[in-house]
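Here is a friendly walk through a few helices and side chains. Have a look at the structure first, and then we can go through it together.

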Amino acid sequence: MMDAISLDQIQVLVAVVDHGGFSAAARALSRPQSAITYAVQKLEAQAGVSLFDRSAYRPVLTEAGRALLPRARRVAEEM
C-alpha cells in the first residue's frame, strides 16, 4: 500500500516546477537543497514513477510528473 503523500511533498513538487529547479525551490522555501531532493525522491518512490527527467541542466517533468502536477497544484491551493 502506498504511503500517504504529504502536503510538504506536494508543495516541494510545485516549487521545483515553479522555480525551475531544485536549488531555486530550496531558496524559495528557505530549505537546504538536500531536503528538496529528498522530498522529491521520497515522493517518486511512493508513487513508483520518476516525476522529473534529471538528464538536462534543469529538471523537466516526465509524463507522470505532468499528470500529477495539476492535482498537486489544486491540493496546494486548497491548503
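## Where α1 meets α2

In this predicted model, helix α1 brings V12, A15, V16 and H19 to its meeting with α2. From the α2 side, the partners are F22, A24, A25, A28 and L29. Sorted by class, this contact between α1 and α2 has 8 nonpolar residues and 1 polar residue, with no charged ones.

An α-helix has 3.6 residues a turn, so residues three or four places apart point the same way.

## How the two helices cross

Two packed helices are described by the angle between their axes and the distance between the axes. Here α1 covers residues 7–19 and α2 covers residues 22–29. Their axes come within 8 Å and cross at roughly 115°. Angles of 65 to 115 degrees count as roughly perpendicular, and α1 and α2 are therefore described as roughly perpendicular to each other. The crossing of α1 past α2 is right-handed.

## The buried side of α2

Which residues of α2 are buried? They are F22, A24, A25 and A26. The buried residues of this helix pack against α1, and also against α3 and β1 (52–53).

## D18, a partly exposed residue in α1

Staying with helix α1, we can pick out D18, which lies in it. Is D18 buried, exposed or partly exposed? Buried means under 20% relative accessible area and exposed means over 50%; D18 has 45% relative accessibility and so counts as partly exposed.

The side chain of D18 makes a polar contact with the side chain of R73, at 2.6 Å. As for R74, it is 56 residues from D18 along the chain, and the C-alpha atoms of D18 and R74 are 14 Å apart.

## Q46, a buried residue in α3

Our last stop is Q46, found in helix α3, which spans residues 33–47. Its relative accessible area is 12%, so Q46 is buried.

What joins the side chains of Q46 and Q9? A polar contact of 2.7 Å does. Q46 can also be placed relative to I5: 41 residues separate Q46 and I5 in sequence, while in space they are 7.6 Å apart, C-alpha to C-alpha.

How values were computed:
Residues numbered from 1 in each chain as written. Predicted model: local features only at pLDDT ≥ 70, side-chain atom pairs only at ≥ 80, totals over all residues. Heavy atoms only, no water. Helix = DSSP H or I, 4+ residues; strand = E, 2+ residues; numbered from the N terminus. Buried < 20%, exposed > 50% of the residue type's maximum accessible area, 1.4 Å probe, protein only. Polar contact = N/O pair within 3.5 Å; in protein donor to acceptor, adjacent residues only side chain to side chain. Axes fitted to C-alpha atoms, helices over the stretch in contact; angles between N-to-C directions. Parallel < 35°, antiparallel > 145°, perpendicular 65-115°, else oblique. Left-handed = near helix turned anticlockwise from the far one by under 90°. Contact = heavy atoms within 4.5 Å. Nonpolar A, V, L, I, M, F, W, Y, C, P; charged D, E, K, R; others polar.
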